[in-house]
Amino acid sequence: MSDLIEWSALGQVLVAGMLVGAGIPALFALGLRLWAGTTPDGEDTAASAEPAPHDAAGRAPGAATIARPTPVRLVGAILCMTVVVGAIVTGLVFLVSGGH
Amino acid sequence: MTETLLLALVVVTALAFDFTNGFHDTGNAMATSIATRALKPRTAVALSAVLNLVGAFLSLAVAATIAKGIVDAGVVTLPVVLAGLVGGIVWNLLTWLLGIPSSSSHALVGGMVGAVLAAVGTSGVLWAGVVSKVLVPALLAPLIAIAVAGLGTWCVAKLTRGVSQEVTSRGFRWGQIGSASLVSLAHGTNDAQKSMGIILLALIAGGAVPADAGVPLWVILSCAIAMAIGTYLGGWRVIRTLGKGLVEIDTRQGMAAETSSAAVILLSSHFGFSLSTTHVATGSVLGSGVGMPGAKVRWSVAGRMFVAWGLTLPAAGLVGALCHWLESAIGGTAGTLAVVAVLVASSAAIWIASRRKPVDHTNVNEKWDEDKGADVEPVAATTGEAGGERVAPVPAVATASSVGPAIESVRTVGTPDTDTSANGGMR
């Protein structure tokens, strides 16, 4: 039975898949959140309350939505996005190098 | 002369399979981007086609390994390869007609196994290889993908709470396009090589190249182009099912699903546990519905897919076996031509059946969009549990009268009974 299912490979795929496949979207979301900030309503998805002023303010979504993020948040957002881009580049390198 | 003709026919058929592979699998990468309107349908398939083309040239690591470890290489003759390819193509086209994303590589393996069974009996098949390389991964791939995409979607949903919707949908739109592009690239790299492997296998079996030869450039070129054309034409029926049929997704879910697909596909090949792109992509879309609070997953549609996945190996195998029997019963060049005739006839029948239904790439994408809006969304919006409701009213009449006969004619080739109601459900 252990011949039929390669448990170690399966486990590696599952763990690494969880880390990368779920971690990258999470980091992306976190980066977006740090950069754009949340609405004063906090936990509510306050899309209905907030968009009106933004639409009036202009088309650039990030700049229009909130005041400038604090430097700390900006650095955090940039870090998150750097990791995301790094992961994509790693995936490309993996494909090109024929690692599979 | 006969040998040369046979070899040429096998190469052409392998390219035809490559074409159906691209055609069938466009949705794996692009269905979510089309469904969320991150990309226009034509733009999406064009992008995917280009990336598939590029991907095919990126690496040649797995060429010529497709049937290794699954069938005894010693019994793979040109007639066997031809019959196996026909089995794979017919199953690919049939599942496309029904709008079911099913694994092209499993169809190919199924066709080969069936043809080998017909040729030399059970001794020619390495059953442990079939179980460990085909059946077990088919069961595990969607589960892994559902878990990964579900967790990713859940995290994203939590983290984007309170962030303005305008920002999230715009940001994730780009994230989605990027991750979907990576899936397309990986598909080109992995799946074009399956056809290259088959052609190389045929060239070796036909004695045209030595057994340890690499892949000739013209093979790489023609496989890459055949797959890109297939991708560009776009299996709209499959795209529709994946993008709209399973889960109503937004860009956040789309990005999480495609990232999950890309990560699981690349990691599984890295760890040598190869999983079907289709199974992973479908599982990821399902997972994006599972992980998103409040989202509904149409498990009835998913259930039909799982049934089709279970049928892939035996059904393609049956077509492959029947083709091989036909081939050897008639014998010689006439037998080969008869098999090709069967392939052309059944493909034509499926094509004609597809033309009678509106999801068709020759109707330009505007029409497809209208149809999508008129057809799926109102039903999905008014009935919470859309899976069951969509089956009965929408295309029941059209299905019964027009597609039925064509499916009948396909069955004579040897595919097992397929519930025609599944037809309606996919639309």
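Arg237(B) lies over the face of Trp96(B), 5.2 Å from the ring centre, where a charge counts as sitting over a ring if NZ of Lys or CZ of Arg is within 6 Å of the ring centre and within 35 degrees of the ring normal. A second case is Arg173(B), which lies over the face of Trp174(B) at 5.4 Å from the ring centre. The structure is a predicted model, in which local features need pLDDT of at least 70 and side-chain atom pairs count only at pLDDT 80 or more, while totals for chains, interfaces and linings use all residues. Residues are numbered from 1 along each chain as its sequence is written, chains are lettered from A and ligands numbered from 1 in the order in which they are written, and side-chain values use heavy atoms, with hydrogens and water left out.

**Aromatic pairs**

Across all chains, a search of the whole structure finds 5 aromatic pairs; rings of Phe, Tyr and Trp (its six-membered ring) pair if their centres lie within 6.5 Å, and planes under 30 degrees apart count as stacked, over 60 as edge-to-face and the rest as tilted. One of these pairs is stacked, with Phe19(B) and Phe23(B) 5.8 Å apart centre to centre and 10 degrees between the planes. Because Phe19(B) and Phe23(B) are 4 residues apart in helix 1 (residues 2-35) of chain B, they are separated by about one helical turn; helices here are DSSP runs (H or I, at least four residues), strands are E runs of at least two, and both are numbered from the N terminus.

Phe19(B) is partly exposed at 27% relative accessible area, whereas Phe23(B) is buried at 6%; buried means under 20%, exposed over 50% and partly exposed in between, with a 1.4 Å probe and protein chains only. Phe23(B) also forms a tilted pair with Trp96(B), 5.0 Å centre to centre and with 55 degrees between the planes. Since Phe23(B) lies in helix 1 and Trp96(B) in helix 3 (residues 78-97) of chain B, this pair ties together parts that are 73 residues apart in sequence. Trp96(B) is itself buried, at 5% relative accessibility, and ring pairs link Phe19(B), Phe23(B), Trp96(B) and Trp351(B) into a cluster.

**Salt bridges**

Over all chains there are 4 salt bridges, each defined as a side-chain nitrogen of Lys or Arg within 4 Å of a carboxyl oxygen of Asp or Glu.

| Arg252(B) | Asp250(B) | 3.1 Å |

Lys244(B) is buried at 6% relative accessibility, and Arg298(B) is buried at 7%, while Glu248(B) is partly exposed at 33%. In the bridge to Asp250(B), Arg252(B) is buried at 18%, and Asp250(B) is partly exposed at 25%. Salt bridges that share partners join Lys244(B), Glu248(B) and Arg298(B) into one network.
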